[in-house]
Protein chains: 2
Amino acid sequence: MVPHWIIEKKRDGAELSEKELRFFINGYTTGDIPDYQMSAMAMAIYFQGMSLDETASLTQVMMHSGDVVDTSSLAIPTVDKHSTGGVGDKVSLILAPLAACCGVAVPMISGRGLGITGGTLDKLESIPGYRTNLSELEFIEVLRTCGCSIIGQTETLAPADKKLYALRDVTATVPSIPLIVASIMSKKLAEGIDSLVLDVKWGKGAFMKSKDDAHELARTLVEVGRRMGKRMGALITDMNQPLGKTAGNALEVIEAVECLSGRGPDDLMEVTMALSANMLLLSGCCETHVDALDMLHRKIESGEALDRFRKMVSLQGGDVSAVDDYERFAQASIVQDVLAPEGGYIGGVDANHIGRACGVLGAGRQKTDDVIDVAVGISNLAKVGDRVNQGDVIATLHANHDEALKAAMEHLVCAFSITEKDEGAIPLIDKSIL
Amino acid sequence: MVPHWIIEKKRDGAELSEKELRFFINGYTTGDIPDYQMSAMAMAIYFQGMSLDETASLTQVMMHSGDVVDTSSLAIPTVDKHSTGGVGDKVSLILAPLAACCGVAVPMISGRGLGITGGTLDKLESIPGYRTNLSELEFIEVLRTCGCSIIGQTETLAPADKKLYALRDVTATVPSIPLIVASIMSKKLAEGIDSLVLDVKWGKGAFMKSKDDAHELARTLVEVGRRMGKRMGALITDMNQPLGKTAGNALEVIEAVECLSGRGPDDLMEVTMALSANMLLLSGCCETHVDALDMLHRKIESGEALDRFRKMVSLQGGDVSAVDDYERFAQASIVQDVLAPEGGYIGGVDANHIGRACGVLGAGRQKTDDVIDVAVGISNLAKVGDRVNQGDVIATLHANHDEALKAAMEHLVCAFSITEKDEGAIPLIDKSIL
C-alpha cells in the first residue's frame, strides 16, 4: 500500500477499508508515515467525512495502537462516563465514587484542559498530594480496592490519538465528527470498559454550539461504540450557562465534595444523577431508572459516596483532610463579589464569558506547558431564573492579580443578563439516546 | 498571524489576503511553517479552490520566494512558452531557436520528467556535453549571444515551488488548479519574461484528460499572468495521440533537428508554428498571424533557425557535430519494427500506451533519482488517418533489454487501432485564447 494513494482515495470520497486505515494509522504511530501525510489525510477526512463503518475501523485501529487496560481481574461490570466538556463541569469527581458504591468499577482515564479551566486531572491535583500519573498496575490496584480511579493518559494508551490530537490542533482539523469520535472512543475504550455513558454538551460554553450538532456527534459516538461491542448511552445537556455554581479548579473540587455530602446545587446534581443512573442501567446493576436514582440518593445520604471519594483520594496519595477542611486547598489572595446592577430575574449566564473570565484569571492554559493556578476561579454563580435584588451577590471572583481581576470583571459584566420576568431556563437534559 | 488560523480560514472557504499568503509561503520556504501545516493547507485549497486574485497572490509570493532573473540588459522583448506536457512533445527544442531568430529573447528554464519520457532537459542532455546547469550569469550571457537558452531550475529560483511541488506529490494534492497555476507561473515568471504562451494539452497522454479541464486551466493561467502584468497567450492542443513521430530522448532531439531543417512531420510543425507565431505577436515583433507564420517559415528555409540551435548547443557545451551526424547520439542495441496486423486506416494511437511503452523501455523515471536511458524510445510512429497495408511498419522500438522490449511491445499492441474507413483525427489545435 502507498500512503498517498490512500489519501487520494479518501480525498475522492471513497470508503477506506480497515486494512488501509490500519496501515495508515500504524505507519503514522511508528513514524513511517510522516506528519505531512497524516495532516493531508485529516483534512481530506474533514471534507469527505467517514461512514460509521469507517469511523468504527479508525477507532478500533487507534485504540489498538497501544495497550488496552486489562480489567478482567476486577470481575465486576466496568463502566465510564465521557463529557465533551464545558464550564463548571465537575461531574466526574462526583459520579466516579458514587457509581462505584453501587457495584460497578469506574476506570476513568481523563484529560487536561486548554483555555477556560483545567481538566478533571488539574482539578484533582488541587488536592495536595493527589497523583494522577499512576502506572497501569497501580490503577488496577486502586480500582480493586475502591471501585474507582481517575488518572491521566499513560504513554502506552492510544499513542496514535496522542500524536494525531496534537497534529489536528495545529492543522485546523479538530472539528471533524469522525476524527472527534475516533479520538474520544479510542481512548475511552482502551480503558477496558464494558459500557460507556456520554454527556454531549451544546451551547455557548460547549464545543458544539448547536443542539443538532451535539445530536449528530452523540449518535455517531453511540453507533461506533455499539459496533465495537460496547453498551452505550448518551445524554444531550445544556451548556449555555455554567454547570453548578463554581468554575475553577480547587473551587470545583470543593463543590464536588458538597455534592457528595448532599448539599450540591440542583442543576449539577440533576446531570450527575442522570448520567450515573444511566451507568447503572447499562451495567445491569439496576432494572429501572427510578431504582437507579433511588440507589444513588441512598449512597449520598448514607455518606458512602463521600467516603468512597475519600478512599480514592487517599489511595492516590492525596491529603484526605482537605475534604473536611477546605482551607487546605490553595486560596486566592483577592476575593471580590460581583453585584447585581439592578433587580429582576437572571435571564442568562453566558458560559463562554464565564469560561473566558476563568481563563484570564489563570485557571486554564493557553499553551500546553502553561502552569495552572488552582486557587483562582468563580464561585457563588447565580443561576438562570434566580430572583435578585439590586446589589445582591451574583458571583464571587477569586484572583491572585489585580489586572487579572479587572480583565475577568469585564467578562463577568457581559456574562449576566437580568430580565424583568422569569423567562425560565433551557431544559438541562434534552433527550436521552440510550 | 497564526498558521493554523490561516489554514482554518481557507478550510472554511474564505479568501486569503496577499499578506496571509506571503506569511504562509515565506514561513514554509524558511522552514518556520512545517510540512504538515503546508500539506493541510494544500488539501484545503484542493477542496475550496482559490479566486483569481488569490491565485495571483499565491503565484506572486511563490515567484518572489527566490530570485527573479534580471533580463533587462538584453534590451529586446523576452518571451517563453510553457507546455503542460505530453508524449512526444519536443516543441521547445524547435521553438526556442526559431523564435530567437525573429528578434525575441527566449530565456527558457525547463524541467525534467517523471514517468513516460524525460523532460526537455533530459532530451537536451542526450547531446553529448550539453550543460543544463548554467549559472544565472552564464544564462544571461548565452541569451545575449544567441537569443535563446534552455537550462534547468536553479537553487535560487522559486524555492517555495520546489519544496511545495515535492510535498504535493506525496500528499495527493497535485490536481488542484490554483496550485498547478501557481507552480507553473511562479517558475516561468521568475525567468524575467514580458510575455508567455501556453500550450495546454488535453487527452489520453495529457495531465488533463478532458478538453473542458484544459480550458479551465488555460483560462486561469492566462488570467493570473495578466493580473501580474504579463502578456499572455494560450493554445489548447490535442494529446490523444503523440506529437510527431518519435518519443524518447535522443530520438526526439533528432526529430527536432529534422523540423529545424524543414523536414518535420505536419502535426509537430503545426503546433510549433502556431505557438511561435503567438510569441511573436505577443512580443510585438509581427502585426498579424500570417506575417508571423511567414517570418517563421523563412527562418527555417534559410537555415537560420538550425544555425541558431547549433549556436545554443555550442554555447552550452554540447557537441554540435551531433546535429549533422545522428550516429553521435547514444544508440539502442535492439531496434525492432512493429507491423500493422491488418490493412486499413490508423484510427487511434493511444498516447498513454505509447508513453507507458517509453517508460518501460527506460526513457523516463519512476523515481526522481532514476537514471534515464537516452537511447531508447519509439520512432516511425504512424499517425491517425494514415493508410496502412498489412505488414507495414507502424512504429519502431529502440530498446537496450529484451525484457523491456517485450513489455513495451505489449503496450504497442494496445496503442494502435486500425479502422476500415478514415474517420479523421481530432483537430490538433482546438481554440486560441489569446
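**How the copies meet**

I began with the interface: 100% of the interface residues of chain B are also interface residues in chain A, so the copies meet through the same surface. I took contact as heavy atoms within 4.5 Å.

A note on the ground rules: this is a predicted model, where local features need pLDDT of at least 70 and side-chain atom pairs count only at pLDDT 80 or more, while totals for chains, interfaces and linings use all residues. Residues are numbered from 1 along each chain as its sequence is written, chains are lettered from A and ligands numbered from 1 in the order in which they are written, and side-chain values use heavy atoms, with hydrogens and water left out.

**Symmetry**

Next I superposed chain B on chain A, which takes a rotation of 179 degrees with 0.2 Å of shift along its axis and leaves an RMSD of 0.1 Å. The two copies are thus related as by a two-fold rotation axis. Which residue of chain B comes closest to the rotation axis? I found B:Tyr36 there, with its C-alpha at 1.9 Å.

**Chain A as a whole**

I counted 17 helices and 13 strands in chain A; these are DSSP runs numbered from the N terminus, helices being H or I of at least four residues and strands E of at least two. The chain is divided into domain 1 (3-49), domain 2 (79-324) and domain 3 (331-419), with bounds from an automatic or database domain assignment. Between the C-alpha centres of domain 1 and domain 3 of chain A I noted 44 Å.

For overall dimensions, the C-alpha trace of chain A spans about 70 × 45 × 40 Å along its principal axes. Its radius of gyration is 22 Å, which agrees with the value near 22 Å for a compact globule of 434 residues. That radius is taken over C-alpha atoms, and the globule rule is 2.2 Å times the number of residues to the power 0.38.

I also noted that 58% of the 434 residues of chain A count as buried. Buried means under 20% relative accessible area, exposed over 50%, and partly exposed in between, using a 1.4 Å probe and protein chains only. Among contacts in chain A between residues at least 6 apart in sequence, 79% join residues at least 24 apart.

**Cores**

The largest nonpolar core has 124 residues, and those touching the most other members are B:Phe309, B:Ile354, B:Ile378, B:Leu397, B:Leu412 and B:Phe416. Its largest share, ten residues, comes from helix 12 (residues 266-283) of chain B. The core draws at least three residues from each of domain 2 (79-324) and domain 3 (331-419) of chain B. A second, separate core has 122 residues, including A:Phe139 and A:Ala292. By nonpolar core I mean a set of buried Ala, Val, Leu, Ile, Met, Phe, Trp, Tyr and Cys residues joined through side-chain atoms within 4.5 Å.

**A closer look at single sites**

A:Cys286 sits in the loop between helix 12 (266-283) and helix 13 (289-301) of chain A, and it counts as buried at 10% relative accessibility. Leaving aside neighbours within four places in sequence, A:Cys286 is in contact with A:Leu280, A:Leu281, A:Asp291, A:Ala292 and A:Met295. How far apart are the C-alpha atoms of A:Cys286 and A:Cys102? I got 9.2 Å, for two residues 184 apart along the chain.

A:Ala42 belongs to helix 3 (residues 35-48) of chain A and is buried, with a relative accessible area of 1%. Not counting residues up to four places away in sequence, A:Ala42 touches A:Thr173 and A:Leu179.

**Positive phi**

Most residues other than glycine have a negative phi. A:Ala172 lies in the loop between helix 8 (159-169) and helix 9 of chain A. B:Ala75 also went on the list, with a positive phi of about 60 degrees.

Key
Least-squares fit on C-alpha atoms with pLDDT ≥ 70 in both.
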